[in-house]
Amino acid sequence: MKDAFTNRKYLIITFIVLVGLALIIRLFFIQVIEETYRLSADNNVLRYVTQYPARGLIYDRNAKLIVSNQAAYDLMVVPAQTGKMDTALFCKELDITMNFFKERLRAAKNYNRKSPSIFLKQMSAETYAKFQEKIFMYPGFYVQPRTLRKYSRPVAAHLLGYISEVDEALIKKDPYYKMGDYIGKLGIEEAYEKELRGTRGVKIFMVDVFSRVKGSYADGAMDTLAVQGSDIISGIDYDLQEYGEKLMQNKTGSIVAIEPETGEILALVSAPNYDPSLLVGRIRSENFANLQADTALKPLFNRAFMASYPPGSTFKPVNGLIALQEKVIVPSTEFGCSNGYHVGSLTVACHSHSSPLNLKEAIANSCNSYFCQAYRRILENPRYGSVAEAYDKWKSYLDEFGFGKKLGTEFSNELNGILKSSAYFDSYHKKGGWKALTVISMAIGQGELGTTPLQMANMTAAIANRGYYYIPHIVRSIGNDKKIDPKFREKHVISIDSPNFEAVIQGMEAVVNGGPGGTARSVAMSDIIICGKTGTAENPFGEDHSVFIAFAPRDNPKIAIAAYVENAGFGATYAAPVASLMIEKYLKNEIAANRKWLEDRVFNLNLIDSIPELETEH
Amino acid sequence: MMIMGWFNIYAAVYNEEHTKIIDLSQRYGKQFIWILATLVLATFVVIVDSRFYVFFAYFIYAGLMILLALVLVLGKEINGARSWFEFGNISLQPSEFAKFGTALALAGYLNNKRQELRKFNIFLPAAGIMLLPALLTALQPDMGSTIVFFAFFIVLYREGMSPFIFISGILMVILFFLTLLVDNFYLEAGLVAAATLLSWFTVKNLKAWLAGLGILIIIGGTLFTLDHYVFKTMGYELILLITIVLAGIIYAYYIYSRKALAFLVIYLFLLGTVLYVNTVDFAFNHVLKPHQKERVEIMLGFKSDPHGKGYNVNQSIISIGSGGFSGKGYLQGTQTKFKFVPAQSTDFIFCTVGEEWGFLGSLTVIGLYVFLLLRLIRLAERQRSMFSRVYGYGVVSILFTHFFINIGMSIGLVPVIGIPLPFFSYGGSSLWGFTILLFIFLRLDASRSEYLV
């Protein structure tokens with residue numbers, strides 16, 4: 001039916017069509033052109049849950065488990081997803097205070113509202129079990145399973161290092177790590193972090209508006225599996241390590257034992273030490289602070305390769321070797337000693353012994369005079385134009401032994417030690433202004449020399465091998481492909497002929513087994529020939545440090561060792577018993593009855609008053 | 001009648017599908033019962049003689065108005081609005097039924113009052129029929145329904161209402177939003193400039209026009225100077241208002257002497273809009289409830305608060321936007337499935353379409369609505385009785401408003417006003433309401449050859 005206003009329908013139709021078009025255009029923009037909504041939608045729905053791989057395990061050379069994992073549960077929170085909940089009940093169940101709750105939530109908000117932060121670290125398995133049932137009541141919270149380290153015995157802390165949470169500086173430096181991740185610090189944990197940590201996986205879940213998991217995204221097609229960290233088989237002898245730490249109880253010092261044939265570290269003891277489980281879990285930070293606060297004993301300080309001592313008489317075999325190689329002496333060369341070495345006003349004192357002595361006897365008796373005269377011959381060797389030139393030649397041998405620089409073990413914090421070049425003395429004294437006598441104290445391992453116990457153990461291994469060594473290292477094989485850094489398989493040959501080593505080794509044998517005059521004859525064993533050398537590292541702050549280097553058996557040696565007992569006097573008194581007991585333990589697995597007295601003497605020595613008791617988590 | 005069958009399937013299929021995702025155990029079941037009941041209801045509506053509707057139009061309207069009034073007293077308050085009667089498990093929303101009631105009453109009133117809507121005494125009762133339910137729903141408060149009742153102006157326009165009312169209505173809406181967007185002074189200054197320009201076309205006398213402009217500038221300048229040095233408290237807006245009023249007194253002489261009616265209209269229009277702008281400003285800041293104010297502000301982009309009041313719209317746009325061109329597939333919508341969009345089975349039902357069926361789905365739905373509306377207009381136009389035609393346009397107006405506002409708000413074009421999308425949204429009242437609305441018209445159409453009152 002038409003009327004006067006029929007045409008108005010066209011305006012109405014136009015209007016409806018225009019509105020329809022407006023809606024379609026807008027829809028075209030938000031659905032087809034704009035991409036960001038898809039991302040926003042994914043952000044709404046997808047929850048990326050990191051799958052933390054179990055950290056690799058660490059075994060000793062005999063496949064004894066040293067470090068394993070234990071389960072722990074971190075409570076995570078995504079602040080943007082939190083909602084109404086019974087806060088009081090929540091706090092009660094987790095045994096936390098309301099203030100703690102508010103504080104943690106604020107911290108999480110400040111970090112990032114939309115991504116997860118750790119709300120509560122390392123809940124116990126019981127708390128976790130109870131809490132998990134009710135987690136749906138607390139939107140925005142979820143539990144992230146983690147693994148913590150577990151140590152089979154309370155030993156080898158310095159060797160193993162520890163695990164700590166990454167800090168912000170590190171996250172900036174290495175984007176692999178995210179807030180709340182753990183990373184190995186020091187020792188094996190740090191050196192083999194990449195191998196031990198494994199590969200993180202991610203599981204993508206879909207969650208609803210209440211953060212309830214509704215299933216896996218795309219049926220798990222986008223998920224990646226966590227790959228467990230590689231297990232590490234170390235060259236450590238766990239029993240020997242434990243025994244070494246027992247010997248060093250109530251003392252300060254260190255023991256480094258190396259298998260000469262391979263360069264594998266058998267034991268690395270630094271005393272005082274701590275139970276590695278002190279640095280596991282929630283108690284870690286408090287205990288760490290306590291250990292760090294102990295400035296008197298410095299239990300965190302790894303003396304084995306971070307302390308530099310004057311090598312003292314343990315250096316004499318090397319000087320003997322160089323003198324032989326430089327042909328300034330032969331094994332039968334004799335030097336006299338009148339209670340010391342006297343030139344003009346200079347006197348290097350020596351103890352009473354028969355005189356003159358040949359090389360073997362001089363080593364056995366640790367004659368200062370002999371080595372001063374031998375050293376003078378090295379430096380005043382007419383083959384070289386000057387003392388400086390001869391000195392640098394001497395130094396080149398020491399370089400080959402690995403002195404004055406990091407050996408290149410897995411430990412990042414090895415100390416260089418001290419070994420000067422002639423240029424140092426040229427600038428200290430002025431060029432040509434110094435002569436052999438100026439630096440004569442280095443003949444007996446004093447003066448401008450500093451070596452770490454690790455370097456001394458390595459030197460001993462090189463002597464045991466009659467002229468070569470492998471860089472000391474902890475790890476024997478990693479994971480399934482068993483590869484380790486090829487540098488540890490590289491033979492470092494010292495340019496000293498092996499007959500010269502034999503001559504020096506004869507002297508070192510006599511130190512222990514040479515009857516009267518041998519400075520360490522008290523530690524001789526009936527069935528194993530120990531070759532050693534006593535030393536006394538001068539300590540300007542108190543009683544000298546007792547040092548002993550040794551290897552055994554003489555032929556086809558299985559262990560080379562350097563033992564340092566601080567403030568214990570002569571090398572023979574404590575360091576030699578420690579080293580010989582370690583050798584016996586390693587080679588024979590038990591201490592012979594006739595040497596129990598020696599063991600007791602070491603056990604009973606207390607050179608420090610007390611070691612602070614700290615809480616451990618079990 | 002062809003549409004009828006198509007519509008049944010359309011409504012049924014979509015309702016079932018989309019409510020199923022939302023809540024399998026309850027809402028799907030309930031909605032299914034509603035749909036079955038709807039079929040019975042539709043049959044009933046079609047069986048009844050068409051003259052019944054014509055005859056009882058006022059009675060139905062009156063009855064529903066009483067219900068609307070009663071709900072204000074006896075109704076159950078849900079989400080701050082008292083718009084529901086509750087009978088056990090079932091809630092009924094009388095406003096949904098009042099819509100077809102009003103359409104009937106309007107049709108009854110305008111029947112045979114041909115071309116007389118320009119007359120004030122005819123127009124006023126017609127406006128009253130619409131404004132009564134608008135007022136009652138506004139009291140609940142249910143802004144959505146109130147707006148729907150205002151949509152009957154489309155019917156009045158079709159039936160001969162002066163387009164000025166329509167144009168000024170639209171102008172008022174535009175000015176309303178401009179008031180909130182632009183500083184009042186600049187808006188009013190703009191209005192003065194527009195009026196000045198317009199007057200040039202009516203005055204067409206450079207001297208008189210310049211004189212008028214001069215008067216405006218002199219009064220304004222004087223007031224500004226006085227305020228600047230003496231009062232110091234008036235502010236630009238008040239100066240402008242007083243200037244217009246004072247200038248008007250002087251213009252009055254000109255108007256009177258030259259009988260310049262066009263100029264009078266322009267002047268009065270200017271005065272009216274300036275006053276309106278100030279009223280809106282006042283109303284917005286002092287009358288609107290904070291949550292309503294906020295919704296308007298969010299829509300206009302004043303406020304961005306993705307997790308606060310704008311959360312609904314934001315999530316809604318995200319879910320629709322994430323659908324992309326072809327959608328995520330049926331039942332694959334993550335946003336809607338996991339309840340990120342609030343009220344997604346009722347007011348934000350379009351999100352499901354947008355997310356799961358993508359742009360193609362949205363296009364189809366909008367296309368179907370537009371097609372339906374145009375088809376209804378065609379049907380309305382072919383009616384012989386004015387009653388049927390008015391009623392048909394009533395149906396168009398109601399469906400159009402629901403369609404536009406519901407989808408518009410889902411994609412952030414319109415402020416969030418909670419009204420359902422016809423035949424899609426969960427809810428028995430609206431489904432019944434729309435079914436009755438539509439089927440009465442189909443019944444009327446079926447008997448269009450008969451003579452109706």
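Strand 21 (residues 545–552) and strand 22 (residues 559–565) of chain A run antiparallel and are joined by seven bridges; strands are DSSP E runs of at least two residues, numbered from the N terminus, and two of them pair if DSSP finds at least two bridges between them. S546(A) has V565(A) of strand 22 as its bridge partner.

This is a predicted model, where local features need pLDDT of at least 70, side-chain atom pairs count only at pLDDT 80 or more, and totals for chains, interfaces and linings use all residues. Residues are numbered from 1 along each chain as its sequence is written, with chains lettered from A and ligands numbered from 1 in the order in which they are written.

## The sheet around them

Follow the open sheet of five strands in chain A and you read 12-11-22-21-20, with antiparallel pairing. Strand 12 (264–271) and strand 20 (531–537) are its edges, each pairing on one side only. From one strand to the next, the twist averages 5°.

## A loop residue

S332(A) sits in the loop between helix 13 (316–325) and strand 13 (340–343) of chain A. The C-alpha atoms of S332(A) and K360(A) are separated by 8.2 Å, though the two residues are 28 apart along the chain.

Notes:
Helix = DSSP H or I, 4+ residues; strand = E, 2+ residues; numbered from the N terminus. Axes fitted to C-alpha atoms, helices over the stretch in contact; angles between N-to-C directions.
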